[in-house]
Amino acid sequence: MSDQAVAEYRIEDLAHHSGATVRTIRAYQDRGLLPKPERRGRSNVYRDTHLARLRQIADLLDRGYTLASIKELLEAWDAGRGLGGVLGLVAEVHGPWTDEEAARISRADLNERFGGRPDDDAVDEACELGVLERIAGRPDEFLVPSPQELAVAAELYAAGVPLVAITGHLRELRGQVEHIASRFLEFTTEHVFARYLGHVPPTDADAAEAATMVRRLRPLAQQTVDAELARAMRLFATRHLQRHLGAAGGAQPSGPAPVALPAETVRAVQELVGSAHVAEFVRAATERELQARTMNDLVSKGGR
């Protein structure tokens with residue numbers, strides 16, 4: 001790189017400063033994502049504009065954008081439409097959707113909160129689920145994106161719920177919550193954001209206004225889910241309690257209870273009257289027994 005006011009880079013220097021490989025830089029050029037370098041003799045010369053563009057592409061890739069969508073955004077910018085609002089919208093959507101702050105936990109503290117014994121399989125599954133994140137160069141320390149979620153798992157474990165049941169429940173719950181989030185986004189896109197997304201990419205002004213709407217609507221999903229979850233928990237917890245208290249010995253069943261006959265008795269009746277008539281025979285025998293007991297009771301009372 002030269003010492004001039006305008007920095008110049010060879011492709012190897014550009015790769016070093018941007019973090020991209022030489023092969024990636026050439027691929028971006030071929031796809032039109034990166035402007036062509038200046039040809040100087042037998043060498044290609046890159047400038048700070050190329051470095052800035054590579055960093056921009058890397059940032060958008062980290063946020064989940066495809067190369068095709070990134071190319072549309074960059075072409076709009078090159079055409080003079082501006083990307084300030086669009087990048088602001090990208091940052092707003094990609095920003096935190098909760099006020100909760102990530103924390104760190106040591107492996108020793110983690111073991112203590114979950115039984116006091118190391119469990120590498122459980123740690124691996126927690127990392128797979130994103131409950132824990134490994135920290136490069138620190139094998140005995142983890143990042144905890146949601147301390148609340150980890151605290152819930154620890155409370156459930158202390159209450160006697162096995163770790164495998166906790167992770168299984170989280171997987172099931174996550175699928176259901178992701179469905180709720182998807183439906184909420186579809187709903188707000190149809191009724192709110194469609195007006196801002198008429199152009200692909202949206203204009204700078206529309207994108208900036210959409211970013212403002214994201215900030216306004218961001219808490220609504222959480223508030224709605226909290227309210228509905230509280231309502232549902234109150235309803236189902238009451239039903240569960242009533243059912244278990246009834247089974248514990250309070251209320252008696254209102255209808256007739258089924259009676260299981262010994263297998264030998266059923267076989268004997270089948271041999272006597274045939275399989276098709278077992279129920280009828282049992283009913284008749286029961287009625288006969290009840291009648292006999294009633295008559296005996298009446299005779300006993302009459303002899304006093």
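Phe114 is buried, at a relative accessible area of 13%. Tyr157 is partly exposed, at 24%. By buried I mean under 20% relative accessible area, by exposed over 50%, and by partly exposed anything in between, with a 1.4 Å probe and protein chains only.

This is a predicted model, so to speak of provenance: local features need pLDDT of at least 70, side-chain atom pairs count only at pLDDT 80 or more, and totals for chains, interfaces and linings use all residues. Residues are numbered from 1 along each chain as its sequence is written, and side-chain values use heavy atoms, with hydrogens and water left out.

Now the rings. Those of Phe, Tyr and Trp (its six-membered ring) pair if their centres lie within 6.5 Å; planes under 30 degrees apart are stacked, over 60 edge-to-face, the rest tilted. That rule gives 1 aromatic pair. Phe114 and Tyr157 form it, tilted, with 5.7 Å between centres and 55 degrees between planes. Phe114 sits in the loop between helix H6 (107-113) and helix H7 (120-129), while Tyr157 belongs to helix H8 (residues 147-158), 43 residues apart. Helices (H or I, at least four residues) and strands (E, at least two) are DSSP runs, numbered from the N terminus.

On to the sheet. Which order do its 3 strands take? The order is E1-E3-E2, in an open sheet with antiparallel pairing. Strands E1 (8-9) and E2 (38-40) are at the edges with a single partner strand each, so one side of each has no neighbour in the sheet. Pairing requires at least two bridges found by DSSP; E2 and E3 (residues 43-47) have 3.
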